[in-house]
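Good morning, and thank you for coming.

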Amino acid sequence: MNKTPIKLSLIVAAVSLSLTACLPNEKQDVKVTIKKNPFPSTYQALPQQNTLFTNATVLTGTGERLDHADVLIVDGKISQVGIDLTATNIANVTTIDAQGKWLTPGIIDVHSHLGVYPSPNVESHSDGNEMTSPNTSEVWAEHSVWPQDPGFQSARAGGVTTLQILPGSANLFGGRGVTLKNVPSHTMQGMKFIDAPYGLKMACGENPKRVYGKRKQLPSTRMGNVAGYRAAWAEATEYKRAWNKYDRDYAAGKNPQAPTRDLELDTLMGVLDGEILIHNHCYKAEEMVVMMDIAKEFNYQSGTFHHGIEAYKIADTLAENGNCVAMWPDWWGFKMEAFDMVEENVAIVNAVKNSCAIVHSDSAITIQRLNQEAGKVLYRANDNGFKLKAEDAIKWITVNAAKSLGIDDKTGSLAAGKNADLVLWNGNPFSVYAKAEQVFVDGAKVYDRFDEKYQAKSDFMLGQE
Amino acid sequence: MKQMQLNDQLDDQLGKRHITLSALVKVSAVALFLVTGAVQAKSTAITNATVYTVASMGVLEQATVIIEQGKIIEVYSKQNTPQDIKVDEIIDAKGRILTPGFIGSMNTLGLVEVSAVAKTRDGGDKKAKITFDASLAFNPKSTLIAYNRKGGITSNIVAPHGGEDLFAGQTFAVDLSGEFTSIIEKQNAVLVHLGAENKGSRARNLQALDHKFADAKKALAKKKSKQEAKNKDKKDKDKKDNEVKEPKRDEQVINALLAGEKPLLAYADRASDLLALLALKKKYGIDLVLVGASDAVLIANEIADAKVPVILSSIANLPTSFDSLHASLTNMATLAKAGVKVILAPKGGSHNLNQLRFDAGIAVANGLPRADAFSALTANVADVFKLNSGRIAVGKNADLVLWSADPFELSTKVDLMWINGKAVSTRSRQDALRDRYTQKSNMPRAYSK
């Protein structure tokens, strides 16, 4: 054999190595990084007031009930919760006599479409679901939020201080959800919960297969759904590998070419990196368990199951796998996957150790009374052998919801150091006659039932006769 | 049912004297039934109850209600309760609240099992017209019925969706016994949808409705004059001109509306539409009922003056359209205060009709007097749809609910209930599923039945 070609090829190889493999001594281009927060929050707390609530029935959200208790909020944070607190060393403290009233953490809804499916329900504002492809991980619900939706005000009057706005459920991957503080603002960014992780909406079952099956495209079956999820995660895994390699090579002093940006895969990669939390519309027991396995296959956390009508059938598995489940107390029958409702669903899920049961609304109407939605579960379960208390039920709409959204270090409970997001109720919040009297976000009063000054009005409703 | 205790001293009590005259008459009647043989219906006395009569007697403490053969045969206040009551069964209510069974309305109970499953839907039809009688499709074995009994609902006005026609068909009344005899009355009101349109103008439907009545009225007048001519001139009996034709089926329904024989239930929200309907009532004398009516509060006095009842949800408080900018949690209270007869209807479909009692509680929390809230679920519905229920009074159907506490409160449940005097259960498929998944077994759940 002639040796020359070998030599030549070696030279070629050496040259190409110098061109593409980024020798350590080569000058590096500016590092390409993906901005994780291109639409940063501009939220600022409304005027805060140091406040001492005295003599209330306090549900802490951490499982405790304190009677005749006081709560002190200072500089927008919960300072103390206890009996006979004094605030003499705190400047400018307002005292609110909460005798006969109840105090709870601000209510958190993990599943809302306020702003993206607003009132009035007009085509021009129907921006909740990009139903043009089974995978629209590239869309972000926050870009559809109309902050003038009057539903935000009604929800606030019901004690809702934090809510996740999700895209709809027509797609396997519906896009990113955003967590908002329920304060009036004329921009989405003005409501955005600082440092709350993004959510990724996924959907199981009937909706994706119906919407795309009608168009004679994948998915038209549940197995088509699963093929769609897996194909996307496989692609995302490669995307992540490409970025990891780029980062590694760059760190090694090489000058690699950055992978081509893909907005859809950015979101999926965020999940694989543990930065974006899954919020999966999934009703049925067998489908939730399949979703858990897909997450294990691709090494991410399967997150929170929403609308888990059949969660009671797999309560143990859900807790073992570390899933939160967000449920209605009693909606049912609107489709096959909602046929097996039981009124004790939330209670059965909740009864397992390490569980994370949540009551959600998915409704501009019931978001106004999540306390009563939780109350219905409490009482129906107790009618049938459970021994639940108010201090248990409050967790389903506060701390567990905060956990699902990845913000339980900031809100969802009345514990020292947490954001002073709280609701003063006219009595037991689990009564049909319960009404939020005052609502606070970060220690600022955002709603007062008896003072119009604290009753915000949407631009849309202004001047209407 | 531990609250029930059979009166085993029944025979001993026969023939005993009683303190009041009316009691004497009634109890003698009961005794008569008892001795006439074994086939007669069981009589039941519910004693020591807090009775919300929703009738002239108001709320009675420690009262007694006697039911027999499907009817309420006696209502005794505490003072008038005889010492001995001759009945087959006595139930000590122990002070708990007894109300008339609640009456749902404006939903598709028994016509839809699973909303998204086409073959379980019978609430509408493209070709449905004013004559559409959906009662033929009613399924008393629907799983929704037992579930909705949990809300103390004993009867319901079922309203189909209709189709492309101006009229959505007619309502029918059912009880929630789950029996094949559930239908109380067919075709008892006519449905029309007005207001905002996706295509075209709302004016056309209002105009079409006006023309329907105008034309029918004209035809009736013509028919009348022909009839008179015919009667006058008996010789011309066979003359073709004077032949009085039988009106068509749809014309008969319009005629029934003009005669006030059945109500027209008009869905509309914007105040201008509601006023147009009030004008039609005035013009043609129809028995008008408004449904939805989000902005009715703007013209509450006009509605009250026209004596038009309003069927609405207490929780539909969002401005979901430009027709509903005045939707509010306080609307029901505002209307009632103005003197409007209000009926509480569910906001959604029929699967969670049982929540009507909570909606009533929410209305009360937002200013509706409790008595009005009870009427809105009972007597007012009965009045509009001419049902022999909705009140606890002698002669009314024995549709009754004994509650563990305040019927509107979330923590309260139905302890006992009767439909047409027969005790009915609130156990549903949901309970069976719960029991299956909460009991311990080393076998697959499918073996737990």
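Predicted model: local features only at pLDDT ≥ 70, side-chain atom pairs only at ≥ 80, totals over all residues.

Residues are numbered from 1 along each chain as its sequence is written, while chains are lettered from A and ligands numbered from 1 in the order in which they are written.

Chain B contains 12 helices and 17 strands; these are DSSP runs, numbered from the N terminus, with helices being H or I of at least four residues and strands E of at least two. Of its 449 residues, 48% are buried, that is, 20 or more other C-beta atoms, placed from the backbone, lie within 10 Å of the residue's own.

How is chain B divided? There is domain 1 (1–101 + 389–449) and domain 2 (103–387), with bounds from an automatic or database domain assignment. Their contact takes 26 residues from domain 1 of chain B and 26 residues from domain 2 of chain B; two residues are in contact if their C-beta atoms, placed from the backbone, lie within 7 Å. On the domain 1 side, β16(B) gives the largest share, 3 residues.

Let us turn to two helices. The axes of α4 (residues 202–232) and α6 (residues 271–284) of chain B come within 11 Å and cross at roughly 5 degrees; axes are lines fitted to C-alpha atoms over the stretch in contact, and angles run from 0 to 180 degrees between N-to-C directions. That makes α4(B) roughly parallel to α6(B), a term for angles under 35 degrees. Among the residues that meet are L206(B) and F213(B) in α4(B), and A276(B) and L280(B) in α6(B).

Next comes the largest nonpolar core, with 257 residues. Such a core is a set of buried Ala, Val, Leu, Ile, Met, Phe, Trp, Tyr and Cys residues joined through C-beta atoms within 7 Å. L290(B) is one of the residues that touch the most other members, and its contacts include L274(B), L277(B) and V310(B). Both domains of chain B give residues to this core, so the core lies between them.

How values were computed
Parallel < 35°, antiparallel > 145°, perpendicular 65-115°, else oblique. Buried ≥ 20, exposed ≤ 12 C-beta atoms within 10 Å, placed from the backbone. Lists of a residue's contacts leave out its neighbours within four places in sequence.
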